[in-house]
Each structure stands twice: as structure tokens, then as C-alpha cells.
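Welcome to this short tour! Keep your viewer open and get ready to select a few residues as we go.

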Amino acid sequence: MFQESTSPNCLNITTTSTEDGAFQKKGHSARILSPEEAERLAKDQVLVSEFKQLKLEKEAQKNWDLFYKRNSTNFFKDRHWTTREFQELKACREKNALYSTERCKVFQCDLTKDDLLENIPADSVDIVTLIFVLSAIHPDKMHLVLKNIYKVLKPGKCVLFRDYGLYDHAMLRFKSGSKLGENFYVRQDGTRSYFFTEEFLSQLFKAEGYEQVVNEYVQRETVNRKEDLRVPRVFLQSKFQKPFSKTQVLAD
């Protein structure tokens, strides 16, 4: 079920009910904190030392490698939301009969420094997914990722984005001494996470030449029936398009 409404402060709010009875809401307003949550965040102003921050940046890849070695593929539960939210992905699965190793190339790279043009031709990619990717990268380097992707994305095609949003439950769980900067935190295992605002993401993409198609918060509940818990989650879900050049538009 879904219900759509508008208000002066939150346009095009879409509310849906999930399979487990929890709510999901999309719109342009960030989650409203309780007085207790707001007070706790206001008090947490002490940042991790510069020395430790430099060490975390240097060891970022190692910390994520260890994370996936410990958790293998069982950490992120498949909730089958990707093809529901991004219809463009339905035809992009390895199980598709059209999948061929002759047409698909798998490789590993650091998007902040490895040039994608070394493995992918310019202006050749139809869809790029950045799903819980950018939040793991230092905010100062996020623009390098978008610049790198821009070179290989076809004009008129999109980047599909979903990641942690401002005031997500994960952000509120961080203890004092975990803050690296505004909306940027480090976990006990050394992996880091940034929590996006709609405005920050929009400016980030537009500065690299992308056009905004969709950019909105997704607020939902994660339900644990066994422990009778309902946890508020906040994500930012967006689509940004590489525009056609003026000569391409005139040719059309």
C-alpha cells in the first residue's frame, strides 16, 4: 500500500507499507530527532585526533578487507529491494541469458585514484551503481570517485545511488570518541561511514557535471520480531544523469 501527499516543508511524500507491516516514507525532509537524540549529538563534538585520522585513511583498504574476511557474504541480508527501487537493474543480472564473460569485464580498483579508462572505454557505460559505496570514502575524496565515473558513463545515462542518510540509526549508535568530522564516524574495526544529507549529495554530483533526476530520503523501519524492536533507518536514494553535450543535443 502507498499514500502520496505534499506539504510546504516536505514535498511529494510517498508512504508505503512493507511486507512485515513496517512503514517506508520517501521525501525531502530529514528525520526529526527526539530531544534526547538531539542533545546526545550536540554533546558529541570531540573529534578523533589528526594522527589517528591519517592512520585510518592509510589503512582504509586493509580495514575493509578484514571486515569482509570476517563477515564473508553473510553480513548484509538480501532484502531484494534493489530491483524494486531501481527498475533499471532488472535486466542487469549475471543470471541473465545475455550475460557473457566476453562482454563483461570484472576487475578491482580504487575509484579515488585508479583511472577507470584503463579498463573501460570512455562514454560506454549505461548504468553505474553506487550502493553503500561512497559512505566508506573520505568526504574529501568523494569528488574523485564521481569524476572517475563521469568519464566512462554514456551521455544521458545514470548513476544509481543509495547510502546512509542523516540521522540513520547507525549514526545515532556511535559512542563518544568515534566522530571524525561532520556526519563522519569510525567503527571499532576501523571502517568508516559518512551519513549524507540531500543537499551535500546534490552539490557533490552537480559540481562534477551531473544533472539531478531524483534525490530523496527513504525513512523506514527495520523490524526484529524476535526481540520486538523497530529500528528507524534513514537512507538517501538518488539518480544523477550525465547530460548530453550541446553538439549531441543539436544533432538530435
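In which helix is the place of Glu 37? Select residues 35-43: this is helix H1, and Glu 37 lies in it. Keep in mind that you are looking at a predicted model.

Before zooming in, take in the whole chain. Its secondary structure consists of eight helices and 10 strands. Of its 252 residues, 40% count as buried.

Now return to Glu 37. Is this residue buried or exposed? Glu 37 counts as buried because its relative accessibility is 14%, and the cut-off for buried is under 20%. Show its surroundings next: leaving aside residues up to four places away in sequence, Glu 37 touches Arg 31 and Leu 172.

Select Arg 31 together with Glu 37. The two form a salt bridge, with their closest N and O atoms 2.9 Å apart.

Lys 43 is exposed, with a relative accessible area of 64%, while Glu 39 counts as partly exposed at 46%.

For the last stop, select Lys 55 and Glu 59. Their salt bridge has its closest N and O atoms 3.2 Å apart. In the whole structure, a search finds 13 salt bridges.

Technical notes: Residues numbered from 1 in each chain as written. Predicted model: local features only at pLDDT ≥ 70, side-chain atom pairs only at ≥ 80, totals over all residues. Heavy atoms only, no water. Helix = DSSP H or I, 4+ residues; strand = E, 2+ residues; numbered from the N terminus. Buried < 20%, exposed > 50% of the residue type's maximum accessible area, 1.4 Å probe, protein only. Contact = heavy atoms within 4.5 Å. Salt bridge = Lys/Arg side-chain N within 4 Å of Asp/Glu carboxyl O.
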